[in-house]
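Hi,

Here is the structure I promised to pass on. Have a look at it first, and then read my notes below.

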Amino acid sequence: MPTVDTRAGDLVYDELGTGNPLLLLHNAGHSRRDWDAVRPALAEQYRTIAVDLPAHGDSPAPMPGWRPSAATVADLLEDVVDGLELGPATFIGSSLGGFSAARLAIRRPAAVRALVLVDNGGFGSYHLGARLFCRVMGTPALLRLLYAGFARFYMRARTDYDRQVLQRAQRLARHPELTRVIAGIWRSFPSPEHNLEPLAGAITAPTLVVWGSRDRVIPPSAGRRAAELIPGAQYVELDAAHLPFVNDPVSFLASVLPFLHTAAATSPGQAEHA
């Protein structure tokens with residue numbers, strides 16, 4: 001498997017398809033395999049690149065000294081973009097992956113051709129109950145105890161593919177190093193570094209916000225709020241839970257592919273990079 005060097009160590013990635021680069025960014029506790037149901041259709045038109053986060057999927061544990069958080073994971077996306085020398089790219093990010101992509105669009109607008117943000121956090125503050133839950137999930141021993149049930153809660157699996165993704169997530173969370181990484185990410189969610197709301201107006205890339213109407217973790221109201229904050233963003237809601245591209249890949253592609261086609265035709269600078 002090819003790897004890319006980052007400040008957390010090597011991350012495993014793979015590629016499928018040719019064309020303009022499209023990075024697929026998974027959620028905490030998951031892996032690049034989450035995109036399997038939609039990736040072949042995307043790869044018909046794009047050079048899709050899917051990366052495993054530290055200790056996730058096939059990526060090794062992070063280097064000693066790297067402290068996991070939502071912000072430090074977002075840092076790694078900058079390293080991936082630089083290491084692969086991508087130039088302007090499109091990003092589809094799920095949950096934590098969406099936060100990372102949105103932050104990249106704020107910090108490095110020239111690197112982002114278009115954004116698809118899927119049931120992501122990072123556009124608002126946390127109320128007391130949410131902060132307490134993040135503290136619980138940020139404790140490795142409690143995370144190991146609760147994660148299997150929590151994954152069932154947010155996945156709301158309806159199909160065999162749903163259940164495969166759920167089983168992988170539940171297995172991944174049993175590994176001590178991965179548990180440490182996920183717990184660190186959860187602890188960081190209520191921090192100011194995870195709130196992009198004051199900076200959302202700086203996102204200039206064409207943006208589609210996709211949300212599951214049955215998301216029990218981050219409600220659709222958060223998705224609508226994110227779309228309001230990002231200039232010109234479109235919003236679509238699907239009959240799905242926290243991972244719409246897993247719950248309903250057909251509807252997800254029906255929403256995302258036309259947006260990507262339009263974004264490629266209208267984004268500044270597309271002709272010279274096509």
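One definition before anything else: I call a residue buried under 20% relative accessible area, exposed over 50% and partly exposed in between (1.4 Å probe, protein chains only). This is a predicted model, so local features need pLDDT of at least 70 and side-chain atom pairs count only at pLDDT 80 or more, while totals for chains, interfaces and linings use all residues. Residues are numbered from 1 along each chain as its sequence is written, and side-chain values use heavy atoms, with hydrogens and water left out.

Most residues other than glycine have a negative phi. Glu85 is not a glycine, yet its phi is positive, about 50 degrees. Glu85 sits in the loop between H2 and E5, and at 70% relative accessibility it counts as exposed. (Helices, H or I of at least four residues, and strands, E of at least two, are DSSP runs numbered from the N terminus.) Ala55 also has a positive phi, near 70 degrees. Ala55 belongs to the loop between strand E4 (47–51) and H2, but this residue is buried, with a relative accessible area of 15%.

Next, helix H3 (residues 96–107). Eleven of its twelve residues are buried, so H3 is largely enclosed by the rest of the structure. Among the buried ones are Phe99, Arg103, Leu104 and Ile106. What do the buried residues of H3 pack against? They pack against strand E3 (21–25), helix H2 (70–83), strand E5 (89–94), strand E6 (112–118) and H7, where contact means heavy atoms within 4.5 Å. The length of H3 checks out too: at 1.5 Å a residue it should span 16 Å, and its end C-alpha atoms are 17 Å apart, which agrees. (The expected span is 1.5 Å times one less than the number of residues.)

Helix H4 (residues 128–137) has its buried residues at Ala130, Cys134 and Met137. They cover an arc of only 65 degrees around the axis, which puts them on the same side of H4; the arc is that of the directions from the helix axis to the C-beta atoms. The face turned away from that buried side carries the exposed Leu128 and Arg135. The cover over the buried residues of H4 includes H5 and helix H7 (176–188).

In helix H7, look at Thr179, which is buried with a relative accessible area of 1%. Not counting residues up to four places away in sequence, Thr179 touches Pro140, Leu143, Arg144, Ala173 and Arg174. At the other end of the numbering, Val4 in strand E1 (residues 3–6) is buried as well, with a relative accessible area of 4%. Leaving aside neighbours within four places in sequence, the contacts of Val4 include Leu11, Tyr13, Val80 and Leu84.

Now the charges. Taking a salt bridge as a side-chain nitrogen of Lys or Arg within 4 Å of a carboxyl oxygen of Asp or Glu, the count comes to 20.

- Asp75 pairs with Arg7, the closest N and O atoms being 3.8 Å apart. Asp75 lies in helix H2 and Arg7 in the loop between E1 and strand E2 (9–16), so the pair ties together parts that are 68 residues apart in sequence. Asp75 is buried at 15% relative accessibility, whereas Arg7 is partly exposed at 42%.
- Asp82 meets Arg108 at 2.7 Å, N to O. This pair links distant parts of the chain, with Asp82 in helix H2 and Arg108 in the loop between H3 and E6, 26 residues apart. Asp82 is partly exposed at 44%, and Arg108 is partly exposed at 28%.
- Glu177 meets Arg180 at 2.8 Å, N to O. Both lie in helix H7, three residues apart, about one turn of the helix. Glu177 is partly exposed at 29%, as is Arg180 at 33%.

Salt bridges that share partners also join Arg7, Asp75, Glu78, Asp79, Asp82, Arg103, Arg107 and Arg108 into one network.

Cheers
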